[in-house]
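Student: I have a structure open and would like to go through it. Can we start once it is on screen?
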There are 2 protein chains.
Amino acid sequence: MTDHIFSMHRGGKLSIQSTVSVKTPEELAVAYTPGVAKISMAIHQEQAKAYDFTIKKNTVAVISDGSAVLGLGDIGPLAALPVMEGKALLFKELANIDAFPICLDTKDPEAIIQTIKHIAPTFGGINLEDISAPRCFEIEKRLKEILDIPVFHDDQHGTAVVVTAAIINALKIVNKKPVDVKVVVSGVGAAGTACIKMLKDLGVHQIVGCDRLGAIYEGRAQLDDSKQQLACITNPAMEKGTLKEVIKGADVFIGLSGPNILEGEDIKQMAKDPIVFAMSNPTPEIMPEIAKPFARIIATGRSDYPNQINNVLCFPGLFRGLLDCQASFISDEMKMATARAIASIVSDEELNPDYIIPNVFNPRVVQEVSKAVRHVVQTQK
Amino acid sequence: MTDHIFSMHRGGKLSIQSTVSVKTPEELAVAYTPGVAKISMAIHQEQAKAYDFTIKKNTVAVISDGSAVLGLGDIGPLAALPVMEGKALLFKELANIDAFPICLDTKDPEAIIQTIKHIAPTFGGINLEDISAPRCFEIEKRLKEILDIPVFHDDQHGTAVVVTAAIINALKIVNKKPVDVKVVVSGVGAAGTACIKMLKDLGVHQIVGCDRLGAIYEGRAQLDDSKQQLACITNPAMEKGTLKEVIKGADVFIGLSGPNILEGEDIKQMAKDPIVFAMSNPTPEIMPEIAKPFARIIATGRSDYPNQINNVLCFPGLFRGLLDCQASFISDEMKMATARAIASIVSDEELNPDYIIPNVFNPRVVQEVSKAVRHVVQTQK
């Protein structure tokens, strides 16, 4: 198997192709000098024409500094490159987007911001990837302010969108409303924080975030800036205690933390019809086999169990919609439209505890998501 | 014709393709997570493996700040993009190199240097393009110091290599040796300066560079840093005066300046068998029709006259050779080997005043150049 993996990756996984022919002097004179000067002057006179006559319209940069790659941690830009190539592959295969991997030889947030600002003209969108928290928050925020193309940190918002889509469908099964449920989120890094914010947008009021010290509440010790902000917008009941304490009575558990931190007994303590999203990879917060006797609905990040929460459901269709409209930013409404579109792929007839989220290879996902995004972009333009 | 040009460029001229299939969950698990983690860890443990398992091995960045695009001047990064795409096209079509255009939204040399340093991990080489002098000198010099991949400013060295190749063959026809000839170079920007340095490497002692004020010599007024340096290494006879004065008795004229600055009478004043390279584009320093009665050999930058001096003869084969050897730098010897390889394509039997340099579509060019470069890289490694 390992040999097979290495041979598949040999030479890299992408190539760049010409879409025009330059096999004769005449063709060369049109595609390159002197013909190309006419295109350059047209764009010089009207910058928007770059969307018509260059690759900008369909090209996304997949950018990482290699600081938080998969579950491997800070392995650096060169080691991150195969992952970013894989991501670019998925952009192409699923949504016909030309994505190019850029791996950054710096971990300084200001240098990352400036570098991305400087290379932005070639691209119609920026997909940030595997950049560690809390730096990723500042980097994304600043780039959104500076750039006139969409900027998306997939680890935050891709996860949040797909979790939200799955929660929409899970709540349908147990016949509960967002406004009535209590959600406990274990892990408040990039992904956990984004999930919490998006679930609030969905209408969930009672969310308790937990780090290694337990529930986060206003005034607790050891809160960095990011957790401080979370404390302000979550846990209105000021619940205190460990994860195992605050999970009691919760309707939904969302795990984006580490392996094997819950037991069957903990799920038993949740409210009726527990929804358990144990997304730590490769080993979930609780193995599905252990949760099964107590939970009504279980989702993981793994492809070998039902209900895989996979960002691949989000980014191809989302960027397809954004690029199609030459969108200049991504709004919360676009992300929510994406989540609702993903959820909608599973019909009421199909919906069941083992099928709350579509398969990544379902071609309707990109179709429905991009349509929903185009609709929102056009109303927000 | 204009309509044809615009329709050929519509949508851009490049696309990114997957070289592996990801159509099933099994394939996805190999090309992306979890399989890709094995590749990342292998590279993390041994950085050189990036050349085996990523696109780095065959990928070149074509980078411009849009400050000196073709003859159009400072038209900015977006307007430069179609030209850089065209360049990438030629890399692919002629040498099967995956080149990606990066257009920079800054003209600050330090910002350009830092940006390129930060995005370098993805690439096996950097081709700088259409960056105005004198900033291009500092940018290239610093990047060569910092980076462990080859850096090549095509406007300087590509031109110098092809001019040198053509001079080698032209001197053969008139049966003169580099050491004996006097060369006058009109225009001492990026290209002119590089030509002068390379002709010195070829063994030419008497070179007189000219700017708008005439011959450059030590102690002359209005010499910036770059011209000051040129003054030190050229014009040993301290010739003074206008271009029309110093061209008297010269064996070779090299024009990289502006249109129609010479007349037939000036060529008549040159030494026996004048060699005239009038490369200002689109209008040469002297039109071939006017030079013809007096010059033995005429070359231009245009495809509609014999002897087109075209950088396309250099960069595809040069980078092919560099990438094949995972070269970490470009030496003067590699550039000279490239010039000699280009010159060698024209056999002694074929060589004549209207054929001193091969056609850009001659497949032997990339073949011979890359072979020559690989040979030098292997001896210098």
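Student: What is the strand order in the open sheet of four strands in chain A?
Tutor: The order is 3-2-4-5, with parallel pairing. Strands are DSSP runs of E with at least two residues, helices are runs of H or I with at least four, and both are numbered from the N terminus. Two strands pair if DSSP finds at least two bridges between them. This is a predicted model: local features need pLDDT of at least 70, side-chain atom pairs count only at pLDDT 80 or more, and totals for chains, interfaces and linings use all residues. Residues are numbered from 1 along each chain as its sequence is written, chains are lettered from A and ligands numbered from 1 in the order in which they are written, and side-chain values use heavy atoms, without hydrogens and water.

Student: Which are the edge strands?
Tutor: Strand 3 (98–103) and strand 5 (151–153) of chain A; each pairs on one side only. Neighbouring strands of this sheet are turned by 20° against each other on average, direction ignored. Axes here are lines fitted to C-alpha atoms, for helices over the stretch in contact, and angles run from 0 to 180 degrees between N-to-C directions.

Student: How many bridges join strand 2 to strand 3 of chain A?
Tutor: Six, and the two strands run parallel. V62(A) has P101(A) in strand 3 of chain A as its bridge partner.

Student: Which helix packs on the sheet?
Tutor: Helix 5 (residues 77–95) of chain A, which touches strand 2, strand 3 and strand 4 (125–128) of chain A. Its direction makes about 170° with that of strand 3 of chain A. Contact means heavy atoms within 4.5 Å.

Student: Over to chain B. Is E85(B) buried or exposed?
Tutor: Buried, with a relative accessible area of 0%. Buried means under 20%, exposed over 50%, and partly exposed in between, using a 1.4 Å probe and protein chains only. E85(B) is found in helix 5 (residues 77–95) of chain B.

Student: What does E85(B) touch?
Tutor: Not counting residues up to four places away in sequence, its contacts include T54(A) and I55(A), as well as K13(B) and P101(B). The side chain of E85(B) reaches the backbone nitrogen of K13(B) at 2.8 Å.

Student: What rotation superposes chain B on chain A?
Tutor: One of 180°, with 0.0 Å of shift along its axis and an RMSD of 0.0 Å. That is the relation of a two-fold axis. Copies are superposed by least squares on the C-alpha atoms of residues with pLDDT of at least 70 in both.

Key: A polar contact is a pair of N or O atoms within 3.5 Å; within protein, one must be able to donate a hydrogen and the other to accept it, and residues adjacent in sequence count only if both atoms are side-chain atoms.
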